[in-house]
Amino acid sequence: MTGVRPTKMIMERLEEGSSEEEIIRYMHDTYVVSEKKAMLGIEIAKREKAQLDKLDYENGYSLYIGIPFCPTTCSYCSFTSYPVAKWQDRMDEYVDALLKELAFIAEVSKEKHLNAIYMGGGTPTTLSAQQMDRVLSFLEEHFSFEHLKEYTIEAGRPDSITEDKLRVIRKHGVGRISINPQTMQQKTLDVIGRRHTVEDVVRIFHLARELGFDNINMDLIAGLPGEHPEEMEDTLRQIKELAPDSLTVHALAMKHGSRLTRERAASAEKQITNRWQESWKR
Ligand code: SF4
């Protein structure tokens, strides 16, 4: 079991009123999860619950804003993502359409309390500083931030982040940003098609700190092509030196629609064909 699933299952049981002992037994008997890992899951579920309990489920809502553009398409990507080089000319149109939709949401939700704004993608910082300013100003003009508990922009890839954009994000009071290296191994970054360097990650991280961002998350992916425990260990060592405020580690998921999945399927098919042809020749 990877990702959010173990914690989600534990959370469901906590909410049903199961005791810790019952949860540990259930996780062990059903999924062969060790007591230590089940305890870790319980601890995380409790922390999540403490945060979620603050939300107003009756009158509150969260707003997710998707920016579906990226500098390039990562090989494992299965999200809606369009390369900037191809779509640059239409990004203003996208922002126009986005603002129209936001105006509609603001109108239909005006009796509700906005608790969280999360801008993800894609890569939100593929927007220019002016486009970002336009979107964030629009949010301030059309929504009340009185009940806002979280305001996050997943800045994402360092090759899309500039000082101008960070200044705009900061000016609008965004509390949390994410700078996502996925790995600190240059050879892996090259293989997965992220055209930025490890140095870019470090430089942008320090720049964000200098500009006053005090809640920076970083995303990593475990199990990227060609990586072994040694590479992961080295990546974690480098991240520890940067000391982000939170770290999110995803396990590589081979989703339909990603280039990596197609390449692996094609390579497996080729191997089978080769073996079949070799045995046919004998
Ligand atoms: S940065 Fe994220 S959304 Fe963009 S191509 Fe890579 S995996 Fe996909």
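Author: A helix axis is a line fitted to C-alpha atoms over the stretch in contact, and angles run from 0 to 180 degrees between N-to-C directions. Helices (H or I, at least four residues) and strands (E, at least two) are DSSP runs, numbered from the N terminus. This is a predicted model, where local features need pLDDT of at least 70, side-chain atom pairs count only at pLDDT 80 or more, and totals for chains, interfaces and linings use all residues. Residues are numbered from 1 along each chain as its sequence is written, and side-chain values use heavy atoms, with hydrogens and water left out.

Reader: What makes α6 and α7 roughly parallel to each other?

Author: The axes of α6 (residues 129-142) and α7 (residues 163-171) cross at roughly 10° and come within 9 Å. Angles under 35 degrees count as roughly parallel, over 145 as roughly antiparallel, 65 to 115 as roughly perpendicular and the rest as oblique. The two helices are therefore roughly parallel.

Reader: Which residues make the contact of α6 and α7?

Author: Contact means heavy atoms within 4.5 Å. On α6 the residues are Ala 129, Met 132, Asp 133 and Leu 136, and on α7 they are Asp 164, Lys 165, Val 168, Ile 169 and Lys 171. By class, five are nonpolar, none polar and four charged. For these classes, Ala, Val, Leu, Ile, Met, Phe, Trp, Tyr, Cys and Pro count as nonpolar, Asp, Glu, Lys and Arg as charged, and the others, Gly among them, as polar.

Reader: Which residues are buried in α6, and how is that decided?

Author: Buried means under 20% relative accessible area, exposed over 50%, and partly exposed in between (1.4 Å probe, protein chains only). In α6 the buried residues are Ala 129, Gln 131, Met 132, Val 135, Leu 136, Ser 137, Phe 138 and Leu 139. They pack against β1 (60-67), α5 (91-108), β4, β5 (150-156) and α7.

Reader: What span does α6 have, and what is expected?

Author: With 14 residues, α6 reaches 20 Å from its first C-alpha to its last, close to the 20 Å expected at 1.5 Å a residue. The expected span is 1.5 Å times one less than the number of residues. For α10, also with 14 residues, the reach is 20 Å, close to the expected 20 Å.

Reader: How do you know that the buried residues of α10 are on the same side?

Author: In α10, Glu 231, Met 232, Thr 235, Gln 238, Ile 239 and Leu 242 are buried. They cover an arc of only 125° around the axis, which puts them on the same side. The arc is that of the directions from the helix axis to the C-beta atoms. An α-helix has 3.6 residues a turn, so residues three or four places apart point the same way. The face turned away from the buried side of α10 carries the exposed residues Pro 229, Glu 230, Glu 233, Lys 240 and Glu 241. Among the elements covering the buried residues of α10 are α8 (186-191), α9 (198-210), β7 (216-222) and β8.

Reader: Why is Gln 238 counted as buried?

Author: Its relative accessibility is 18%, and the cut-off is under 20%. Gln 238 is in helix α10. Leaving aside neighbours within four places in sequence, Gln 238 is in contact with Met 184, Gln 185 and Val 198.

Reader: Why is Leu 114 called buried?

Author: Leu 114 has a relative accessible area of 3%. This residue lies in strand β4. Not counting residues up to four places away in sequence, Leu 114 touches Tyr 61, Ser 62, Leu 63, Phe 143, Ser 144, Phe 145, His 147 and Leu 148.

Reader: Is Val 32 exposed or buried, and what is its phi?

Author: Val 32 has a relative accessible area of 68%, which means exposed. Its phi is positive, about 55°, although Val 32 is not a glycine. Val 32 is found in the loop between α2 (20-31) and α3 (35-52).

Reader: What makes Ala 243 partly exposed?

Author: Its relative accessibility is 42%, between the two cut-offs of 20% and 50%. Ala 243 follows α10 and has a positive phi, near 55°. Its place is in the loop between α10 (229-242) and β8 (246-251).

Reader: Which residues does a cis peptide bond join?

Author: Gly 121 and Gly 122, with omega about 15°. Gly 122 is in the loop between β4 (113-121) and α6.
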